[in-house]
Amino acid sequence: MTTPTARKRSSISDVARAAGVSVGTVSNVLNRPDRVSPTTRERVEAAIGELHFVPNGSARQLRAGTITTVGAIVLDIGNPFFTEVARGIEDRLAEDDFTLMLASSDEDPDREARYLKLFEEHGVHGVLVVPSTDDIEPLLELRARGVNVVLLDATSPVPDISSAAVNDVVGGQLAGNHLVAEGHTHIAFVNGAHSIRQCGDRHAGLLRALDAAGLDPATHLTEITASALNADGGEAAMRHLLATTTAGVDRPTAVFCVNDLVALGVQRTLRAEGIAMPGEMAVVGYDDVNFAGELATPLTSVRQPTHQLGYRAADLLLSQHTQGDRFRHEQVQFQPELIVRASSHAG
Ligand code: RIB
């Protein structure tokens, strides 16, 4: 098998040399073709084709002073929740002919910082960031250097930065209320680190639900921190719960998962161990991603308006651009909704 080698990218000077014209003429063909005679234009276009020349978009944007690229950093592109949010961002950006550069921080502040630097060096118009911690100081510094910033899936703690988020305290409460109403008095919560805003808020909401039902979390809640907020993390967390508890003695009868990917892994373990859902263990996820209702045991989940979230965040970023000084920063908050399915409710 031969390994393909990367072809060296042709430059505008290569095209000029091949066509026997100046760099300025090639530039005119690309940007102001009406200023070039048809024969010269044809010669330059033929050279462009032969050399597979692709103009450098960033350089062109910088020269023209119209940057049309926006960077977004989400926690994990592998999570369909963030893919759906990204689709909303992209749809809004496309309306104004802006394009999206997308990256995952993997909940790692250092990785987030590296992407912010790359985006800044690239000269993006602005950034949409799902912060990996509650320390937004680096984002404030970035903004002070002239890069527009909007917080995504987080509420800005300062009034002059816009944000679009979903009320996760209410979301956690909805899940907790539902499980309590289904008769559960010992609930497991497979969560992530509380320093991740979404995890802390969903936990706070669950505590509210337990409190309203008069259930002391010290004895009625078992929280497990997943090694990762994905299916493998959920699978390992449920294996740990099954290995360290006994059914009918100290094992919770329901599990609330911080997101649907984690719930997918939890369900995988329950199925592998022959544990009935919801009879022996009810399962509730969070996000209501596209596969939630399609699972072998359809998943009850707290729905987030993913597309709207991304769309609105991008809209806030572009509004700063079009309205300039007249722009008022906004903290937009959407409400979640509980979607009940067979994983937590026997029909
Ligand atoms: O990454 C953690 C979670 O935060 C995602 O699944 C989604 O729920 C987001 O809000």
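Predicted model: local features only at pLDDT ≥ 70, side-chain atom pairs only at ≥ 80, totals over all residues.

Before listing who meets whom, I noted that contact means heavy atoms within 4.5 Å.

**Entry 1: α1 and α3**

I started with the residues that touch. From α1, I found Asp14, Val15, Ala18 and Ala19, and they meet Arg43, Val44, Ala47, Ile48 and Leu51 in α3. Sorting these contact residues by class gave me seven nonpolar, no polar and two charged.

Then I looked at the geometry. Two packed helices are described by the angle between their axes and the distance between the axes. For α1 (residues 12-19) and α3 (residues 38-51), I got an angle of about 125°, with the axes 9 Å apart. The two helices are therefore oblique to each other. I jotted down the hand of this crossing too: α1 and α3 cross in a right-handed way.

**Entry 2: α1 and α2**

Next I asked myself at what angle α1 and α2 pack. Helix α2 covers residues 23-31, and its angle to α1 is about 105°, with 8 Å between the axes. That makes α1 roughly perpendicular to α2, because angles of 65 to 115 degrees count that way.

Ile12, Ser13, Val15 and Ala16 are the α1 side, and Val23, Val26, Ser27 and Leu30 are the α2 side. The classes here come out as six nonpolar, two polar and no charged residues.

**Entry 3: α8 and α9**

On the α8 side I wrote Asp168, Val169, Gly172, Gln173, Gly176, Asn177 and Val180. On the α9 side I have Arg197, Gln198, Asp201, Arg202, Ala204, Gly205, Leu206, Arg208, Ala209 and Leu210. By class, this contact holds six nonpolar, six polar and five charged residues.

**Entry 4: the space inside**

How many cavities of 30 Å³ or more does the structure hold? I found one. About 160 Å³ of space lies in the largest cavity. It is lined by 16 residues, and those closest to its centre are Leu75, Asn79, Phe82, Leu229 and Asn259.

I checked which elements give two or more residues to this lining, and they are α5 (80-95) and α9 (197-212). Helix α9 provides the largest share, with three residues. The lining as a whole has seven nonpolar, four polar and five charged residues.

My last stop was the loops. Where is the cis peptide bond? I found it running from Met277 to Pro278, with omega near 0°. Pro278 is placed in the loop between α12 (260-272) and β9 (282-287).

I also flagged His52, which is not a glycine but has a positive phi of about 50°. His52 is in the loop between α3 and α4 (57-64).

Asp97 went on the page too: its phi is near 60°, which is positive in a residue other than glycine. I located Asp97 in the loop between α5 and β2 (99-104).

Terms used: Residues numbered from 1 in each chain as written. Heavy atoms only, no water. Axes fitted to C-alpha atoms, helices over the stretch in contact; angles between N-to-C directions. Helix = DSSP H or I, 4+ residues; strand = E, 2+ residues; numbered from the N terminus. Parallel < 35°, antiparallel > 145°, perpendicular 65-115°, else oblique. Left-handed = near helix turned anticlockwise from the far one by under 90°. Nonpolar A, V, L, I, M, F, W, Y, C, P; charged D, E, K, R; others polar. 1 Å grid on protein atoms, 1.4 Å probe; cavity = no way out; pocket = protein on both sides within 12 Å on 5 of 7 lines; lining within 4 Å. Points joined across faces, edges and corners; volume = space filled by probe spheres on them.
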